[in-house]
Amino acid sequence: MTRRTRDFAVLVLTTGTVMLILALTGSLGLIEALTAMFVIGAIAAAYYVGSAAMQVPAPAKPLEASRREGMAIADFLSALPLPAFEVSRDEQRITAFNQPAAVFLRLGQRRSAPPRASAIIRAPALLAAIETCFNASGLGSAEIEMEIGPEEQWRAHIHPLPVSGNLMVVLEDLTPVKRAARARADFLANASHELRTPLTAISGFIETMRGPAREDKDSWDRFLGIMAGETERMSRLIADLLSLSRIESAEHVQPTAREHFGDIVMNSVDALQPLASDKGVALLFDEPEALPAVTANRDELIQVVENLVSNAIKYSKGGHKVTIRCGVAPDAFAARTEAAHAWPDSERMTLLQTSNRVAINEPTVWMRVEDQGPGIEREHLPRLGERFYRADQSRGGKITGTGLGLAIVKHIMAHHRGGLAVETVMGQGTAFGVWLPAARENQGN
């Protein structure tokens with residue numbers, strides 16, 4: 001029962017009792033008493049009804065307001081794709097956070113009380129920035145960059161929440177941006193180095209032929225042969241750089257032509273037979289019975305086959321065999337197994353995952369190129385496919401090349417929604433496998 005209802009009931013009962021006593025004692029007639037009771041009851045009822053509109057709702061309790069604000073902050077944090085959390089002003093506790101922040105800070109859901117920021121955050125720069133914002137006149141904001149380990153870099157955005165006096169911290173991962181900038185700088189440095197080396201050799205021989213060997217015509221043929229070799233090396237490097245640039249620029253445009261993968265592999269192997277014969281390497285091609293067509297750029301796939309087979313020949317010795325196998329699998333997972341999971345005790349690594357756009361149970365064509373070379377140490381495997389990276393020491397000494405062959409293969413397979421993997425056994429050999437989806441029946445002509 002509310003206070004208004006209780007006051008109304010007391011007024012009506014008191015007035016009715018007085019009128020009843022007056023009527024019983026004869027001091028007031030019964031008709032007059034009933035009339036008075038009716039009039040007073042009507043006035044009390046009108047007051048009761050009218051007083052309801054005059055009531056002002058009581059202000060919300062601080063606890064309820066705080067709870068509503070906390071719910072709003074939690075909803076806001078859950079909608080953010082970046083790691084974000086709230087730090088309270090009083091004890092600097094992490095009072096709210098979203099799922100990305102829970103992963104970043106390694107926060108569990110079952111906690112008896114919100115954890116202190118100093119016990120969870122391992123970045124001293126971020127803790128110092130939070131402390132500075134709390135100690136500023138009013139509430140300050142800040143934006144800092146911090147390193148989390150040797151390879152991770154993050155930016156923290158710290159903003160005040162005026163209603164609660166707390167701070168909101170939003171974290172932005174700068175690692176991909178920094179890694180891309182570093183890769184670009186490394187690429188320019190490596191390209192400059194690779195071009196400078198043959199240019200220096202050519203310049204040195206020209207200077208020798210103009211100076212001390214001016215009259216030594218017999219040595220000129222040797223010098224000219226070396227200069228021709230260095231010039232050819234620069235030509236290959238520039239051709240590979242242009243090829244890589246062309247592939248990267250068109251990587252977002254899917255191929256549309258239907259090509260027969262078996263014919264591409266066969267023609268490429270035939271073209272490399274003279275190179276294998278000159279080195280005394282047997283080139284074996286296990287030709288499959290029939291392969292489905294693929295949607296591909298023919299020239300790019302020829303480049304993939306020639307790069308992988310020529311690499312296998314390059315790292316083989318006389319009397320070794322280089323074997324090329326092809327086939328079709330029911331899906332990309334089975335194709336990767338066929339292409340790069342043939343040796344039971346090998347070290348394996350997938351250098352390029354199949355695109356997510358490849359449909360499940362989509363027939364996939366694969367190719368495997370294996371040699372009998374020295375193998376590759378495990379520590380080199382993750383870097384295979386990087387530009388200019390060569391694991392020469394693990395592959396039998398210094399081998400000439402641009403270091404761009406596998407990078408080109410990797411980009412071409414990405415262009416074709418395919419994959420690339422390596423399998424190696426020290427002292428036994430190395431195998432590279434590629435795979436790409438077969439063309440659909442209603443695709444192309």
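This is a predicted model: local features need pLDDT of at least 70, side-chain atom pairs count only at pLDDT 80 or more; totals for chains, interfaces and linings use all residues.

Me: Which residues of helix 9 are buried?

Reply: Phe-261, Gly-262, Ile-264, Val-265, Ser-268, Val-269, Leu-272 and Ala-276. Buried here means under 20% relative accessible area, exposed means over 50%, and partly exposed lies in between, with a 1.4 Å probe and protein chains only. Residues are numbered from 1 along each chain as its sequence is written, and side-chain values use heavy atoms, with hydrogens and water left out.

Me: What makes residues 261-279 a helix, and how does the span of helix 9 compare with the expected one?

Reply: Helices are DSSP runs of H or I with at least four residues, strands are E runs of at least two, and both are numbered from the N terminus. Helix 9 has 19 residues. The expected span is 1.5 Å times one less than the number of residues. That gives 27 Å here, and the first-to-last C-alpha distance is 27 Å, close to expectation.

Me: Where does helix 9 bend?

Reply: At Leu-272, by about 40°, with Pro-274 following within four residues. The bend is the angle between axes fitted to the seven residues ending at a position and the seven starting there. Just after the helix, Gly-280 takes a positive phi of about 75°.

Me: Why is Arg-106 called exposed?

Reply: Because its relative accessibility is 75%, and the exposed label asks for over 50%. Arg-106 is in the loop between helix 4 (99-105) and helix 5 (117-120). Its phi is positive, about 60°, although it is not a glycine.

Me: How do you know that strand 1 and strand 2 pair?

Reply: Pairing needs at least two bridges found by DSSP, and three bridges join strand 1 (residues 84-87) to strand 2 (residues 94-97). So they pass the pairing test, and they run antiparallel.

Me: How many of the chain's contacts, taken between residues at least 6 apart in sequence, join residues at least 24 apart?

Reply: 67% of them, where contact means heavy atoms within 4.5 Å. The chain has 12 helices and 13 strands, and 39% of its 445 residues count as buried.
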